[in-house]
Amino acid sequence: MAALRYSGLDDTDSEDELPPCWEQRTTKDGWVYYANHTEEKTQWEHPKTGKRKRIAGDLPYGWEQETDENGQVFFVDHINKRTTYLDPRLAFTVDENPTRPTTRQRYDASTTAMEILQGRDFTGKVVVVTGANSGIGFETAKSFALHGAHVILACRNMTRANEAVSRILGEWRKAKVEAMTLDLALLRSVQHFAQAFKAKNVSLHVLVCNAAAFALPWSLTKDGLETTFQVNHLGHFFLVQLLQDVLCCSAPARVVVVSSESHRFTDINDSSGKLDFSRLSPSKSDYWAMLAYNRSKLCNILFSNELHRRLSPRGVTSNAVHPGNMMYSSIHRNWWVYTLLFTLARPFTKSMVPPASLPSQTEQILQPRRCWLTIIVRPKGWL
């Protein structure tokens, strides 16, 4: 346990806590055994539970396995700049004979990003995240990058995007991450981004349509469309259409559209039940910021469903996700009233900031922010 504590990995179940004089070790092929220093003996079964265990998955992000001059394997934590001869995956062991599964769903609102991504290797996968310089877009991009993916931050503000890239590289110097310009409020910019991405001649395995505008005053884009509608829906719709051929050639691939539960509180049909196009890009006299946002989120879901119907036979799945119960971010920044409401609601919502009570930086890394990646990786497939 002392070695686990040194590595920041002592957060184990109480029933698995070893008695005094016992130490947990691993073989090179991943099996766990137990050494009793008093009696000078070893055994495969846990001295308290009688269970046999093995290591699950790959090393946590930031860790690498190396061999010293004597041929002994040790582990390097590049994030915290320290080494240990104890395998950090001991915090993620599984029973050799697992018990009957419970009825509890695999992932829920308290699931952490590490619990979702533990053991998943995204090396060789290319991920594009729109609006990735802050908020859940940044957390998503960072999580993928720290698990081996080549991540492209598609952002309007390149200064902030490059700062986000530097923050990720500051946590993991080997992360493969870059920023590219994408302004969803300008269809020409969307087209230029798609052309620049295709010029890289790389695959596209995950496209996360995350960027969004909220509580904007009425305005028209240079394309003559209401801004919230174009940024939240039409810009992403156009982007997916332009990159559709790359997605199909990269199959299995996935499009993730970040929507919201607020899609339930609106309608885009007229009194006869037919689609009312005037509601999608309303005039100034018919505009209400909250309704405009809700309608754009409804469009996200309808688009995602239809995209999945059309492209899933070609190996491209599409998922629309709700990021959480008013997950606190800076999306409310455009109007002080919403800022006040979000501030009041913050204690009751999900947050991307780890709890202040965590005792160490390593534990913050190993049990990071509760994150909507839960929904991205839930469907069956290579993710």
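Student: What relative accessible area does Glu-306 have, and how do I read such a value?

Tutor: Relative accessible area sorts residues into buried (under 20%), exposed (over 50%) and partly exposed in between, using a 1.4 Å probe and the protein chains only. Glu-306 has a value of 28%, so Glu-306 is partly exposed, while Arg-310, at 57% relative accessibility, counts as exposed. Please keep in mind that this is a predicted model, in which local features need pLDDT of at least 70, side-chain atom pairs count only at pLDDT 80 or more, and totals for chains, interfaces and linings use all residues. Residues are numbered from 1 along each chain as its sequence is written, and side-chain values use heavy atoms, with hydrogens and water left out.

Student: What do the side chains of Glu-306 and Arg-310 form where they meet?

Tutor: They meet in a salt bridge, with 2.8 Å from N to O, where the term stands for a side-chain nitrogen of Lys or Arg within 4 Å of a carboxyl oxygen of Asp or Glu. Both residues belong to helix H8, residues 289–311, and they are placed four residues apart, which is about one turn of the helix. Helices (H or I, at least four residues) and strands (E, at least two) are DSSP runs, numbered from the N terminus.

Student: How many salt bridges does a search of the whole structure find?

Tutor: The search finds nine. One of them joins Glu-39 to Lys-41, with the closest N and O atoms 3.2 Å apart, and Lys-41 is itself partly exposed, its relative accessible area being 36%. Another connects Asp-245 with Lys-198 at 3.5 Å, N to O. That pair links distant parts of the chain, since Asp-245 sits in helix H6 (residues 227–249) and Lys-198 in helix H5 (residues 187–199), 47 residues apart. Asp-245 has a relative accessible area of 39% and is therefore partly exposed, and Lys-198, with 38%, is partly exposed as well.

Student: At what angle do the axes of H5 and H6 cross?

Tutor: Two packed helices are described by the angle between their axes and the distance between the axes. Axes are lines fitted to C-alpha atoms, for helices over the stretch in contact, and angles run from 0 to 180 degrees between N-to-C directions. Here the axes of H5 and H6 cross at roughly 30 degrees and come within 10 Å. Angles under 35 degrees count as roughly parallel, over 145 as roughly antiparallel, 65 to 115 as roughly perpendicular and the rest as oblique, and H5 and H6 are therefore roughly parallel to each other. Contact (heavy atoms within 4.5 Å) is made by residues of H5 including Leu-187, Phe-193, Phe-197 and Lys-198, and by residues of H6, among them Phe-238, Leu-242, Asp-245 and Val-246.

Student: Where does Thr-123 lie, and what is it in contact with, leaving aside its neighbours within four places in sequence?

Tutor: Thr-123 lies in the loop between helix H2 (113–117) and strand E9 (126–130), and with a relative accessible area of 54% this residue is exposed. Apart from neighbours within four places in sequence, Thr-123 is in contact with His-147, Gly-148 and Ala-149. Although Thr-123 and Ala-149 are 26 residues apart in sequence, their C-alpha atoms are 5.0 Å apart in space.

Student: How many helices and strands does the protein have, and what share of its residues count as buried?

Tutor: The protein has 11 helices and 14 strands, and 47% of its 383 residues count as buried. Among contacts between residues at least 6 apart in sequence, 66% join residues at least 24 apart.
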